[in-house]
Structure formats: C-alpha cells, structure tokens
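Subject: Structure handover

Hi,

Here is the structure I promised to pass on to you.

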Amino acid sequence: MAQNIEDKICKLRDEIRRNDVLYYVQNAPQLSDQQYDALFAELKQLEQEHPELITPDSPTQRVSERPVDGFETVAHSIPMLSIDNTYNEAELRKFDERVAKGLESAGYDYTVEPKIDGLAVSLRYEKGRLVRAATRGDGSRGDDVTGNIRTIGAIPLTLESEDIPDILEVRGEVYMPKKAFTKLNQLRTDAGEPEFANPRNAAAGSLKLLDARITATRKLAFFAYSVGQASTPLAQTHYEALGKLKRFGLPVNTATKAKDIDKVIAMCHLQEKTKDSLDYQIDGMVIKVNRYDQHDLLGTTGRAPKWCIAYKFAAEQAETILESITVQVGKNGTLTPVANLKPVQLAGTTVKRATLHNFDQLARLDVRCGDTVIIEKAGEIIPQVVEVIIKKRDLFESQPFEIPTACPACGGQVQKDEDGVYLRCVNPNCTAQLKERLEYFVGKGQMNIDKLGPALIEQLVETKLVKTFADIYTLRFDQLAQLQNPPALAIRRGPRHSQCRRPVRPDPGR
Ligand SMILES: [Zn+2]
C-alpha cells in the first residue's frame with residue numbers, strides 16, 4: 001500500500017513537471033488550468049496524508065511558510081560581468097571590427113537575442129537539483145534569494161535530462177510580464193500604495209521581498225541566457241548551449257544565428273519595430289560571438305567581455321497633451337514643477353505625470369498648459385517633457401506659465417538658490433515642507449512607523465495636531481478619533497507582529 005502511494009506521488013510530480021516544461025518552455029500546454037490544478041490538488045492531498053513522503057523538490061514545496069530576516073551574500077564562482085552598450089549602427093560596426101582584429105580574421109559568427117529588462121540571477125544546480133539562487137549584486141557577490149526564486153513556476157526545481165553536468169550554473173533574467181505588471185500596479189493603486197515605475201523595478205522589488213509567500217503572488221517569470229560554472233562543458237558554441245538549457249527544461253528566449261554584422265544589424269532593427277508585441281519588456285538586443293573558444297581568445301576588459309555587446313533601443317517617446325502644471329514643495333522647500341498629462345502609453349506603462357525638473361527648464365522649453373508635448377523615458381528614469389510642439393499651440397488661448405513668487409503651499413517667501421537653478425520656500429513653518437519631512441521621518445529606513453501614511457500626515461498637519469516630529473509621540477486616541485478621516489485604529493492586544501501580516505494564498509505554480 002505504502003509503495004503504491006509513493007509511486008502515485010512520484011507519477012503526479014513527474015506529470016506536473018512535464019506540464020510545467022510544456023507550459024513555460026515549449027509554450028505548448030497540454031492541460032487546461034483546471035486539469036493542472038486538479039493534479040496539483042491531488043498531490044497536495046496525498047502529501048498531507050503522508051508528510052513523510054514530502055521532498056524539497058516536490059512542486060508543492062515552492063513556497064516556504066515563513067519570512068526570512070535578511071539575505072546572505074554569496075560569492076559567484078565565476079563573476080557575472082556587465083555588458084558594454086552601443087546605441088547605433090556605427091558603434092555595432094566598430095565592435096565587429098574589434099572582434100575581427102582580435103580573432104585575426106578567422107571565421108566567426110554571432111548570436112542575437114532580445115535583452116530582457118529584468119534582473120540578472122545565477123541558479124546553481126547540483127546533480128540536477130536547484131540548490132542556490134543569487135542576484136547579480138556587484139558581479140562578484142550577490143544576495144542569496146533561493147527561497148524567492150523557488151516560487152517562480154518557470155524555474156524548474158529539478159532538471160530533466162541524462163547529460164546534465166553535476167554542477168551547472170545557469171544565468172538568466174527574472175522579469176515581470178507586462179500583464180502581471182499592470183495588474184500589480186492596479187492592486188497597489190487600489191490599496192493606496194505607490195505604483196512601480198516599470199516592470200524591472202517591480203521584478204527587483206518582488207525578488208527582494210523577505211516573505212516568499214508574497215513573491216509567489218507576483219507572477220515573476222524567467223529566461224535563461226548563459227552558463228556560468230559547469231563541471232563538464234555544455235557545448236562548443238553559445239547557440240548549442242542555449243539549445244541544451246532548453247532541453248534540460250529551462251525557458252530560453254529565441255536566439256538567432258547571424259553570419260555577419262549586417263545580419264546582426266538587420267535583426268536589431270526588426271526587433272526594435274516589433275518589440276511592443278512581446279509580453280515582456282526588452283530594452284535592446286544582446287550580440288555574442290558564437291564560438292566559446294573565440295570568447296577565450298578575445299578575453300575581457302575586466303569589467304565586460306570583448307565578445308559581447310548590447311545594442312540599446314532608442315529612448316521611447318510619446319506625444320500627449322499637458323493638462324496642467326502643479327508645483328510641488330519638497331522637504332527642503334524646493335519648488336518643483338510637475339506636468340500633469342493626458343494619460344499616454346510609453347514603454348509599456350501608462351504615464352500621467354512627467355517632471356519638468358525646475359523653472360529654468362520650464363522657461364527654456366516654454367511649456368504652457370494645454371500644449372502638445374513630447375515626453376521621453378530612457379531606462380528607469382522618470383518620464384520627462386523634452387519638447388513642445390509649438391505649431392499645435394492655440395496662439396489665442398495660450399498663456400506662459402507664471403513662475404511662482406510665493407510658496408504655493410504656505411504663501412511664504414521664495415528665493416532662488418545660490419547656483420540659481422532651484423526656487424525654494426524659505427518659510428521655516430511651511431506646512432508643505434513639514435509634511436514632506438514627516439513622511440520621510442516616519443518612513444522605512446527612518447522611524448518606520450506603520451500606518452502613518454501621507455493621507456494621515458496631511459490631516460495631522462492641517463489640524464495642527466503635529467507641528468514637530470516630537471508631536472507624533474504625544475498624540476492621543478481621542479485626538480485621532482476626531483479627525484475627519486480617522487485612521488483604522490486597532491487596539492493592540494498581542495505582540496506587534498501577530499496582527500499585521502496579511503495571509504497570502506500560495507500560488508500553485510503558475
Ligand atoms: Zn512654503
């Protein structure tokens with residue numbers, strides 16, 4: 001009987017793993033989500049009845065039940081180098097000239113792959129089992145994020161093949177698909193939490209969570225793109241190695257072989273045109289010399305390999321209407337103009353606001369309310385207004401934006417900075433500055449006071465209940481209860497940590 005159950009459990013696990021590979025690697029699922037969930041539920045049930053048969057590589061064991069205090073740092077056995085960037089055709093041709101010179105005109109070819117905008121990680125498999133996962137960190141040491149990596153359904157806990165090296169380090173990119181990103185930001189907006197600026201930040205933030213149960217809800221995904229340490233060489237070329245990783249059950253992005261730099265350039269242009277149709281964000285292409293022996297010949301510059309280069313797509317731009325300009329007052333009194341835009345899609349995110357940096361910049365661009373403007377976003381930089389389309393301006397209605405002569409929050413005096421760029425409110429009792437300073441003071445990394453968010457600070461300052469940092473500590477229950485929108489006041493009974501964790505349902509793996 002016991003043997004039967006063990007067999008049954010093994011069969012279920014194999015079936016689930018096989019379907020994971022079909023789903024994540026081959027993009028050819030054979031089961032519906034319901035059928036998959038039923039298999040998963042059956043396995044879970046059997047394991048609950050026979051806990052002695054649970055193994056760490058069982059698909060049910062992806063999510064650990066308790067959060068960690070922090071991440072250990074681990075050394076990479078082979079450093080994770082960075083890649084040099086190019087931004088145009090001419091720079092790609094120069095790279096090709098250096099390669100040709102380094103290889104003394106021997107024959108060579110390239111592989112071309114999309115550059116995923118995510119977070120680089122290294123996965124260590126020993127005898128086919130995932131034993132450790134680390135972030136890139138500074139290239140030589142990264143954070144041990146094994147617990148969080150295990151929650152990513154696309155990453156196999158065991159590799160399936162006869163010829164897997166005893167030690168195999170797989171390098172790749174953890175990313176957040178665009179759909180998951182949009183959904184996560186929606187949830188955060190609904191909960192009054194700040195949105196993530198882009199999918200990469202969202203992926204990085206999710207991978208660095210101390211509670212893997214939350215990471216499991218974030219729908220992260222993965223593409224393998226190279227091999228670190230391997231106890232036996234995987235292949236003689238990069239292209240072959242990618243094929244093997246895929247055969248082992250790892251998701252690998254499409255890589256194309258290119259016989260020369262002309263073909264490489266054509267591939268880059270083609271992908272740049274079609275990149276928006278992908279379900280994930282890419283910010284360029286990675287070009288590698290294909291043969292490994294030629295990698296050794298070319299070597300590295302210490303920081304980046306000479307056999308590899310990234311081609312970065314041009315910063316993305318979008319045209320929209322600037323509906324109004326708000327002046328924000330920072331915690332040091334700096335006045336910053338912010339453009340409120342008609343929402344527009346840019347680089348995979350909806351943009352509603354863009355920075356105008358300072359009033360000099362605003363005047364230089366002559367930005368006015370109602371203008372049609374070009375906004376740009378490069379990498380993780382906040383979108384900015386780069387140009388006004390003057391010919392679309394209504395010359396009769398349009399008025400130059402008036403640079404404030406008093407603080408928009410307190411009406412206090414403003415002064416230009418010594419270097420003449422920034423305007424500052426110099427009123428020491430400015431409420432806007434007080435709010436900003438309080439937000440900083442109670443935030444993470446400072447006093448870390450739970451539940452004291454911007455909305456509550458706003459009320460506390462406006463009602464003059466809080467005029468200094470110290471006032472926070474003498475607030476009374478009855479004072480808070482009298483506020484127009486009182487905070488959810490919970491009377492604490494038990495120890496602090498017992499009440500503040502929201503239960504999170506573990507994800508069955510997809
Ligand atoms: Zn002020």
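This is a predicted model: local features need pLDDT of at least 70, side-chain atom pairs count only at pLDDT 80 or more; totals for chains, interfaces and linings use all residues.

**Domains**

**The zinc site**

Which residues hold the zinc ion? Its protein donors are the SG atoms of Cys407, Cys410, Cys425 and Cys430, at 2.2 to 2.4 Å from the metal. Along the sequence these donor residues follow the spacing C-x2-C-x14-C-x4-C. Cys407 sits in the loop between β16 (384–388) and β17 (414–416), while Cys430 sits in the loop between β18 (423–425) and α12 (431–442), so this pair ties together parts that are 23 residues apart in sequence. Cys407 and Cys430 are both buried.

As for the geometry, the 4 donor atoms subtend angles of 103 to 120 degrees around the zinc ion, and the arrangement is therefore tetrahedral. The cut-off behind that call is that all angles lie between 85 and 135 degrees.

Next up is the second largest pocket, which holds about 1500 Å³ of space. It is lined by 50 residues, and those closest to its centre are Leu81, Ile83, Tyr225, Ser226 and Lys288. By class, the lining comes to 25 nonpolar, 13 polar and 12 charged residues.

Which element gives the most to this lining? That is β8, with 7 residues. Several other elements supply at least two residues each, including the strands β3 (110–116), β4 (119–126), β7 (167–175), β10 (282–289) and β11 (308–312). Helices take part too: α8 (238–247) and α10 (292–298) also supply at least two residues each.

The largest cavity has about 160 Å³ of space. Of its 18 lining residues, Arg17, Asp20, Arg62, Pro156 and Leu157 are the closest to its centre. The lining divides into 10 nonpolar, 3 polar and 5 charged residues. Both domain 1 (2–61) and domain 2 (73–312) contribute here, with at least three residues from each.

The second largest cavity has a volume of about 70 Å³. Its lining consists of Val74, Ala75, His76, Ser77, Ser122, Arg124, Arg132, Ala134, Glu169 and Arg171. In terms of class, that is 3 nonpolar, 3 polar and 4 charged residues. The strands β1 (73–75), β4, β5 (129–135) and β7 each supply at least two of the lining residues.

**One last residue**

Is Ala180 buried or exposed? Its relative accessibility is 15%, so Ala180 counts as buried, the cut-off being under 20%. Ala180 belongs to helix α5 (residues 178–190). Between Ala180 and Asp279 there are 9.7 Å in space, C-alpha to C-alpha, although the two are 99 residues apart in sequence.

That's my tour; over to you.

Cheers

Technical notes:
Residues are numbered from 1 along each chain as its sequence is written. Side-chain values use heavy atoms; hydrogens and water are left out. Donors are N, O and S atoms within 2.8 Å of the metal (3.2 Å for Na, K and Ca); water is not among the atoms, so sites may look incomplete. Four donors count as tetrahedral if all angles lie between 85 and 135 degrees; four count as square planar and six as octahedral if opposite donors are over 155 degrees apart and all others between 65 and 115; anything else is irregular. Helices (H or I, at least four residues) and strands (E, at least two) are DSSP runs, numbered from the N terminus. Buried means under 20% relative accessible area, exposed over 50%, partly exposed in between (1.4 Å probe, protein chains only). On a 1 Å grid over the protein atoms alone, a cavity is a set of points where a 1.4 Å probe fits but cannot get out, and a pocket is an open set with protein on both sides within 12 Å along at least five of seven lines; lining residues have an atom within 4 Å of a point. Grid points are joined across faces, edges and corners, and a volume is the space filled by probe spheres set on the points. Ala, Val, Leu, Ile, Met, Phe, Trp, Tyr, Cys and Pro count as nonpolar, Asp, Glu, Lys and Arg as charged, and the others, Gly among them, as polar. Domain bounds come from an automatic or database domain assignment.
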